[in-house]
Amino acid sequence: MPEGPTALNARIALIRAARKTLDAQYYILQDDATGLLFLSELLDASRRGVRVRLLVDDLYTPGKDQLFAALASQPNFELRLFNPLAVRSGPLAWRVALSLGDLRRVNRRMHNKLLVADNSVAITGGRNIADEYFMRSDQANFVDMDLLAAGPVVPALSNSFDDFWNSRQVRPIGSLMELPPDDDRTRRVLAERCEDRRDLLPEAATDVLGHPPVSVQLAAGRLLLTEGDGRVVSDVPEKITYDDPEASFADSVSQRTIAMLYGARREVLMVSPYFVPGQAGLALLREQAARGVQVLVFTNSLDATDETLVYSGYARYRLAMLKAGVKIYELGSRLVPKERRFGEFRHSSARLHAKIMLVDRERVFIGSMNLDGRSARLNTEVGVIIESPALIEQFGALMPVRELGAYELRLRKDVDDVQWIEHHTDGSEAVLDEEPGANVIDRVRDWLLLKLLPEDVL
């Protein structure tokens, strides 16, 4: 599901169709229009007798305690927080500052994104629950990717959710604050905060891949799925307690996804908004390119990223990757809005957030994992590795990458530096010698921070 409106409406359709259970697990769940719609639908489901379990990482929950507590006070609605911060009030920076004595623990987060309905249908991928992941922001919207799945992978995803739900890293919100009684006052709070937020997004008769809305499919009694062999890859919640970086990486989502590279014969496409390969990753990319494998990296440009420090960490490897023969494309914030296949950006800028690895157009990973040290060793992740020629053929509608509003990076002639090539629809191109979005003050700040911070925390 590459389109934001389709991905949001699919989640709502599954929630409305659920009859027994709903399990939702997210890194970010904002109380904006999207988040309140999502919570309102979960609340409705609980009131018709569906068991709802909502698990949210605690890092981005400031200001939501009253709403979360009110939801957890309702019958059939359980809400738990992953790795909660000790300080419950105040903005995020304040809560983190007062937790510096426990920074090692606070720095490790649950980055998973998962919704499972009736243990029979699931959605996982890159999207958190917030406006910018579904084309609803007026400032910046993410290009992202989700996967809707049924069949044997769903029990495996459910098991991953249960592992987190029952782990020692999770606390019921009622153990962190007093829950209000389920009375008229609490129900008024819920009505005022979320129950009137029911606007679905306008959705075309078919998306860019030719799929009708999931709600239409469910009403017809049949999901139009593409057959394939899927394998769930999921980190264990205890990963955040490991002190040894190699133990954190061993058997992780990152390790098992990167292992796909070793079997590549022809082509590898890596899509990651935050791409910091490290020296070991650079050596692996060089090795694959030397074997004749075409390696393509698709990430954010500086003018598109929301994490300039992470971008600076990636930029240290960019020249070496190009010299090794790796092809690099960077999504441009002002280029993608010209492209309509991902939705209507209106006046907003574009940012990449999808996490995909495609090998030989035979195997694909879709999930929550970025290709950086934080996903590999600090955060927990989840995703699915799929073998399905038919599903992977659908990626042809989203290729080639140079047409996705991206700059193509090249080595400058006679100079040890990089050029950014902007491709136009008429076949012409513009060559940029200056990095799009470069700012001297930001560069100096990030250069200094990179001297102080280990690469794995980017």
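The model is predicted, so local features need pLDDT of at least 70 and side-chain atom pairs count only at pLDDT 80 or more, while totals for chains, interfaces and linings use all residues. Residues are numbered from 1 along each chain as its sequence is written, and side-chain values use heavy atoms, with hydrogens and water left out. Helices (H or I, at least four residues) and strands (E, at least two) are DSSP runs, numbered from the N terminus.

- Two strands pair if DSSP finds at least two bridges between them.
- Angles run from 0 to 180 degrees between N-to-C directions, and axes are lines fitted to C-alpha atoms, for helices over the stretch in contact.
- Strand β1 (residues 21-26) runs antiparallel to β4, joined by 5 bridges. Q25 stands opposite L114 in β4.
- Contact means heavy atoms within 4.5 Å.

- In strand β15 (residues 363-367), 5 of its 5 residues are buried. Buried means under 20% relative accessible area, exposed over 50%, and partly exposed in between (1.4 Å probe, protein chains only).
- R363, F365 and G367 point one way from β15, while V364 and I366 point the other way.
- Strand β14 (residues 356-359) runs antiparallel to β15, with 4 bridges between them. The bridge partner of L358 in β15 is V364.
- The hairpin of β14 and β15 has 3 residues between the strands. In this hairpin, D360 takes a positive phi near 55°.
- β15 also pairs with strand β16 (residues 382-387), in the antiparallel sense over 5 bridges. I366 stands opposite V384 in β16. V364 has I386 as its bridge partner in β16.

**Helix α12 and its neighbours**

- Two packed helices are described by the angle between their axes and the distance between the axes.
- The axes of helix α11 (residues 278-290) and helix α12 (residues 308-324) come within 9 Å and cross at roughly 15°. That makes α11 roughly parallel to α12. Angles under 35 degrees count as roughly parallel, over 145 as roughly antiparallel, 65 to 115 as roughly perpendicular and the rest as oblique.
- G278, Q279, L282, L285, R286 and A289 in α11 meet Y317, A320, M321 and A324 in α12. This contact of α11 with α12 has 7 nonpolar, 2 polar and 1 charged residues. Ala, Val, Leu, Ile, Met, Phe, Trp, Tyr, Cys and Pro count as nonpolar, Asp, Glu, Lys and Arg as charged, and the others, Gly among them, as polar.
- The axes of α12 and helix α15 (residues 440-452) come within 9 Å and cross at roughly 75°. α12 and α15 are therefore roughly perpendicular to each other.
- T308, L309, S312, G313 and R316 in α12 meet R445, D446, L449 and L450 in α15. The classes in this contact of α12 with α15 are 3 nonpolar, 3 polar and 3 charged residues.

**Positive phi in loops**

- Most residues other than glycine have a negative phi.
- D118 has a positive phi near 55°. D118 is found in the loop between β4 (113-117) and β5 (121-125), and is partly exposed at 25% relative accessibility.
- D414 has a positive phi of about 65°. D414 is found in the loop between β17 (406-411) and β18 (418-423), and is exposed, with a relative accessible area of 83%.
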